Every structure is written in C-alpha cells, then in structure tokens.
Amino acid sequence: MTPAEVIQLAKDSNARFVDLKFIDLPGRWQHFSVPVSELDESMFEDGLGFDGSSIEGWKAINNSDMLVIPDASTAKIDPFIQVPTISLICDVVEPDTRQAYQRDPRGVVRRAQAYLKSTGIGDTCFVGPEAEFFVFDNAQFHQDANSGYFEIDSSEGIWNSGAGLEGNSGHRPRHKGGYFPVAPVDSQNDLRNEMVLELEDLGIRIECQHHEVATAGQGEIDMRFDELLSMADKVMWFKYVVKNVAHRNGKSATFMPKPVFEDNGSGMHTHQSIWKDGRPTFAGDGYAGMSQTALWYIGGILKHAPALCALSNPTTNSYKRLVPGFEAPNKLAYSSRNRSAAVRIPMYSQAPAAKRLEFRTPDPTANPYLAFAAMLMAGLDGIQNKIDPGAPMDMNIYDLPPEEADKVPSAPGSLEESLEALRNDHEFLLKGDVFSKDLIEAWIDWKYENEVVPVRTRPTPWEFMLYYDI
C-alpha cells in the first residue's frame, strides 16, 4: 500500500484518527494518535516527533527528540478502537540525520534482511513462529516491602475440580492433559475462533488453532510463515488481538512463559528457512532431507544458542519454563521429528519448499524483531564458518541417563547466565551493522537493572515455606 492508498483507505473507511504504533526495546507496542486531518503524504516523509526519553531503554532526557516514520505498507483498520482508526506501524529515526535509530528493533530487522542479501547466501528469510499463550478468568499480583503474592484463576483449571462453583461440570483438562480434547474439556474453542477471525480480517493468514498441553486455558494459534519483517509485524498484531479479544470477553490473556506451577509453559517454537531466487536453500540429500547449508545454519544456532537466549528467552520467568519434564527443549541438540531437541527438523512434508528447521527454545516474551534477526545472524554465521552441528540425537533426550544427559550442552539456567553469554558472544550480531554494540550493551544493562536485580533482591512465597522456621 502506498501513502496515496492509505489516504484513500482512510476516506473509504470514514476513519477519524490515525494510530501510530512503534515497538520499544523490551518488545511492547507504544502508540499515539492524530486526527485524520493530519494525514497527508508528507507524513510518510517528514514523520512525527515524540519524546524518546520516555520509552524504556531508549534516549536520555537531554537528547530525547525522535521521529516516527509511518510505513504505508502496514496500514490496517484497528479492530479494537471504537472510532474508525487507521493503524500504521512506524520506523524510528534520528531527527537531525534522518538515519535509523540504532535501538529501534524494526530497524534491526531491516538491516538483517539487507545483510542476508549482501552475503549471497540468500535473499529471503522465512519465519513461522508458534506463540503459545494462556487465557485466565482472573489475574492478581502485588509486591511491596512486606508482602507479595500472585493469584491466577481459570474455570478450566484442574484445581477447580473440587471447588464449590455453581454448575461445576467437572470437565477440565488435567495437568499436561490439554492437547487436545474436544469441548466441554476444551472450553475456549469459540474464544480462539474469535481471535482467528479478527486476525484474518487484518489480512493475517491462519493455519490452525487449538488448545495446548497445559490446563487452565493454554492455547495456540498458528500463523502462516512469512518473510522476516512482515512476520515480526504480524507477531505484534497477534499479541494485540489475543489480548484484546480476551479482554472484551472479560478474560485476561498472557504470553508469560511459565505462569502455572507444575504444568507446561508457553513457548514460541520458531520455524525458519532461507530462500534464494525463489528456491529453497535448505532442501538437499543430507540428514532428514536437509542441505549442507541448512546443517551449517543449525550449527550456528546451536553454537550461539546461549547468547541467543538473552533475546529469545528474555525474562527471568523464561527460565522457569526451560526445565526438564515439561516439554521445554533446554538441551542444545538437533534431530528430525524429535520434540525433545532444541532444534527439530519437521517431517510433515518431503517437498523441498517445506524444508525448514524449528528452534524450540524461544518463548513469546521475546521482542520478535530482535529475536528473529538474532536467529538469522546466528544461522548465517554457521553457514559462513561451516559450523558442524555434530551428530543428530534421535532418541528422547528427556529420558537419557544423567551421565549421558550431562554430555549434551544445555540452554542457560537463568536470565543472568544468558545475558553473560551474550556479553561474551555477540560478534556474529555485529556483522553488517545489524546490531550495534550500543544496542547490545543497552539491552544487557536494562535487563540487569529492571529485571535481574529486582527479582534477585525480592523474597518469594516459597522461600518463606523453605526457610521461615529455620
């Protein structure tokens, strides 16, 4: 869509406002709106100003002026704003130089795409994320100096089997029993269908929706794969739709990786492949029908996985999911069909166009722009340096004896560990100026200051259970 077409869309839809969305460093959409009278073609060249010092992880207050430049190709009618509103996703630039702001996550993806083409390895990276989520009926949490708690609830939660609820039917998925019975055990099919319809109305192609493994309303909606930048934009729309459809139905959706104790968490298994001149480069006659290029790409993912986790699993809660026993692939190995390995080669189809790898470690708290770009850069590094991924592990890695399991590298056990891995291994991200040292340092510093240290210094309810009477 061109700027002129956006203006025509605004007229045809009787839009009264233009909503300008951009993504902050942690991975949340930020926005502001202007009356549609402000919409003209110059907006797509000149941009609009905002205060960058008020955005987490961005500018200092003495250097805070920034510009958003709307991307006309992203124009959509926002389905959740009452007054008809055109939504535009924006890039962020420096007002004096008009250069892309180095900490703008969308700019990172643009540079990653350009770098891929410059290598000659390929011209398109396709990505297909599977972002899982929970939908709760209630979510409460609190923390101050002398108290702290969280409480989530779902009428579908197995813990309500004995509750004195009016009309308690007893039909609920047990722990790890949500994949995937029909109604009435699956109580949220209509809700997920509503989400799918909203996504399709936004032009986002959906392949399927279903209940996920955990009790208490864990779901998954799979989007059709797309190229890197478009897919990252779609992930943001996806999260926006899921949360807002849940909200208008009196429920609360979360992409938090591990909100429920003793059940599976939410991952974002990420399928990826590289194409060149309209042809898949990952199809070949090697292991599982993969090319040598694909195997080297896997080698890069596995080698850099500890550093990647700082971007693909970027919260302290992420590492409560990456533990044995809950289908979370924390062992850094690869295999075909095998969901216990961090990298799986799907075998649903033998067609060359379907050849891809699935990195199963990431979770949906990741900033999709940073995470997808970093995965591509790790894979490209593997191809450029011919990194051997080693032998595949086709057995159930979860069932390995301890002495064998210890020989398989593991994902980091904490956010702090992954941030230190990124601090020590990030040269592959700097190629082509895709990531900058400033962005990486800002990411690490922000995560320590706002997440690692605050969580580390707060007591938890379980610590009272363990230690109060000692």
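Does D40 count as buried, partly exposed or exposed, and what is its relative accessibility? D40 counts as partly exposed because its relative accessibility is 35%; the class lies between buried (under 20% relative accessible area) and exposed (over 50%), with a 1.4 Å probe and protein chains only.

The model is predicted: local features need pLDDT of at least 70, side-chain atom pairs count only at pLDDT 80 or more, and totals for chains, interfaces and linings use all residues. Residues are numbered from 1 along each chain as its sequence is written, and side-chain values use heavy atoms, without hydrogens and water.

D40 sits in the loop between β2 (29–35) and α2 (43–46). Helices (H or I, at least four residues) and strands (E, at least two) are DSSP runs, numbered from the N terminus. Together with E38, E41, E45 and D46, D40 forms a negative surface patch. Like charges are joined within 9 Å, nonpolar side chains within 5 Å.

A nonpolar surface patch comprises W462, M465, L466, Y467 and I470, with about 670 Å² of accessible area together. Areas come from the Shrake-Rupley method with a 1.4 Å probe. W462 belongs to helix α13 (residues 461–467). At 55% relative accessibility, W462 counts as exposed.

Strand β1 (residues 17–23) is mostly covered, with six of its seven residues buried. β1 runs parallel to β6 (residues 85–93), joined by five bridges; pairing requires at least two DSSP bridges. V18 has I86 as its bridge partner in β6. With β2, β1 pairs in the antiparallel sense over seven bridges.

How values were computed: Patches are made of residues with over 30% relative accessible area and no salt bridge: like charges are joined within 9 Å, nonpolar side chains (Val, Leu, Ile, Met, Phe, Trp, Tyr) within 5 Å. A salt bridge is a side-chain nitrogen of Lys or Arg within 4 Å of a carboxyl oxygen of Asp or Glu. Lys and Arg count as positive and Asp and Glu as negative; His and the chain ends are not counted. The place of a charge is taken as NZ of Lys, CZ of Arg, CG of Asp or CD of Glu.
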